[in-house]
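Thank you all for coming; I would like to take a few minutes to walk through one structure with you. Please have a look at it first, and then we will go through some of its local features.

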Amino acid sequence: MNGPLKRAALACLLMFGLLMINVNYLQAVRAEDLRADSRNTRNFYAQYEVERGRITAGDKVLAESVDTGDVKFRFQRRYPEGKLYAPITGFFAPESQRDIERTENRLLNGTSADLLIRRSIDLFTAKRSKGANVDLTINPRAQEAAYKALGASGKKGALVAIEPKTGAILAMVSIPTYDPNPLSKPNKADVNAAYNKLDKDEDKPLVNRAIERTYPPGSTFKVVTMAAYLDSDDTLGPETQVDAPQVLDLPNTTADLPNYGGAACGAGRVTLSFALEKSCNTPFGKIAMELGYDALRDQAAKFGIGGEPLSIPLPVAGSGIGPEEDLAALAQASIGQRSNQMTPLQMAMIAAGIANNGVVMKPYLVNKIADAEGGEIETADPDELSTAMSEENARKLQEMMINVVNKGTASAAQIPGVTVGGKTGTAETARGRDPHAWFISFAPAEDPKVAVALIVESGSAGNDASGGHTAAPIAKSVMEAVLGR
């Protein structure tokens with residue numbers, strides 16, 4: 001009998017061992033996969049048991065959870081401002097999240113380790129746990145002004161406004177946009193149908209053009225070329241004379257570089273300020289070829305171009321001037337064409353850095369995070385990204401950009417009683433399409449409160465003056481909103 005008992009005992013011990021291994025494997029190794037499995041209905045329903053925290057912009061509620069009274073779907077997400085803030089808030093769907101709803105999900109749903117004490121207190125007092133509230137840096141007046149003005153153009157496009165001294169993002173608009181409310185219903189079939197319709201839309205309303213798409217920056221990039229030139233020689237300034245041929249001979253190609261329409265730039269030799277005011281191409285192409293690729297690339301890097309990927313905390317597409325090719329390609333890149341690609345956020349950072357006397361601040365969207373009872377969890381701490389220019393050279397470039405608004409191609413951006421600096425841009429696109437219209441700006445120049453960059457897709461008739469007429473008034477309305485005008 002001892003033999004059979006020993007064998008039975010050994011078999012039982014082996015089965016218990018296998019059972020324990022399986023339990024530990026499921027709980028430790030496969031736990032996350034099982035939790036996220038779409039067939040896990042328990043997890044699906046659990047998402048609606050928690051009152052997610054609010055997303056706000058000051059006193060403005062951008063996202064909140066409302067009590068439906070339903071046993072299965074207790075709380076449903078609601079977006080009072082819908083399309084206006086969708087590119088920022090994103091949406092909370094049954095099986096996914098997007099944008100702020102995704103990047104701050106663990107805080108919003110209350111599972112973050114930062115909320116451990118709050119959860120413990122709620123457990124002790126038998127209160128229902130709630131998620132943390134996320135307050136954004138967005139200025140509602142500026143956001144609304146940008147959305148209204150850009151929408152009125154009837155074109156696709158994007159706008160970003162930044163506080164130069166801190167890097168706080170005051171407005172971020174992408175058009176076309178979408179309504180996140182249909183994507184936040186508890187019915188999977190309805191949500192999937194709504195999402196698929198948006199995803200198949202040729203205008204790509206789900207894409208945040210301000211940070212997820214890059215464009216050739218056109219003549220707005222000339223401020224970077226100018227910054228590199230000023231850095232090459234301390235004696236250079238707004239009144240420095242440079243060559244400005246009607247057409248610039250580019251080496252090893254028959255495709256030479258003209259000014260717009262083949263027009264002359266002054267009498268063939270002009271000041272740096274005049275070249276920027278009138279947005280002549282040939283002086284900047286010649287300057288870039290003299291400086292070389294490394295100088296232009298290094299200057300771009302000082303503004304944050306081509307460096308570590310940005311997170312605001314939304315991920316930002318990388319910008320860059322393109323690879324080193326030949327001098328002809330460099331001349332074209334120096335005026336924002338060829339392989340030169342920028343996000344509107346990156347161009348806003350450039351304008352903000354110039355306005356902030358050469359110091360570029362890290363852009364950010366989250367102002368503060370607090371628990372459901374108002375206890376502070378985290379507050380934004382502005383941080384420097386880089387020093388792109390010396391203060392002296394930044395002031396020289398500020399002066400030239402002020403002249404662009406007062407005497408050049410951006411007169412539509414003038415604000416009575418406020419000193420505005422800016423630069424227009426027109427970016428060539430695919431054949432058969434009008435060029436994109438760009439504008440970057442800052443105000444007031446003496447004590448900058450806002451820097452703006454925007455693109456109106458196919459919004460230009462083909463020159464920087466027409467681009468200024470299209471884009472500059474939009475930027476003006478946003479600057480006025482921030483300044484309380």
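This is a predicted model: local features need pLDDT of at least 70, side-chain atom pairs count only at pLDDT 80 or more; totals for chains, interfaces and linings use all residues.

Let me begin with a term: a residue is buried when its relative accessible area is under 20%, exposed when that area is over 50%, and partly exposed in between, with a 1.4 Å probe and protein chains only.

Residues are numbered from 1 along each chain as its sequence is written, and side-chain values use heavy atoms, with hydrogens and water left out.

Back to the cysteines: a disulfide, taken as a pair of cysteine sulfur atoms within 2.5 Å, joins Cys 265 to Cys 280, with an S to S distance of 2.0 Å. This pair links distant parts of the chain, 15 residues apart, with Cys 265 in the loop between strand 9 (257-258) and strand 10 (269-271), and Cys 280 in the loop between helix 11 (272-277) and helix 12 (282-291). Helices (H or I, at least four residues) and strands (E, at least two) are DSSP runs here, numbered from the N terminus. The torsion about the S-S bond of Cys 265 and Cys 280 is about 85°, so the disulfide is right-handed.

Now to strand 15, where seven of its seven residues are buried. Gly 421, Lys 423, Gly 425 and Ala 427 point one way from the strand, whereas Gly 422, Thr 424 and Thr 426 point the other way. Strand 15 runs antiparallel to strand 16 (residues 436-443), and seven bridges join the two, where pairing requires that DSSP find at least two bridges. Within this pair, Gly 425 stands opposite Trp 438 of strand 16.

What does the side chain of Lys 423 contact? Lys 423 lies in strand 15, residues 421-427, and is buried with a relative accessible area of 0%; its side chain makes a polar contact with the side chain of Ser 279, at 2.9 Å. A polar contact is a pair of N or O atoms within 3.5 Å, where, within protein, one must be able to donate a hydrogen and the other to accept it, and residues adjacent in sequence count only if both atoms are side-chain atoms.
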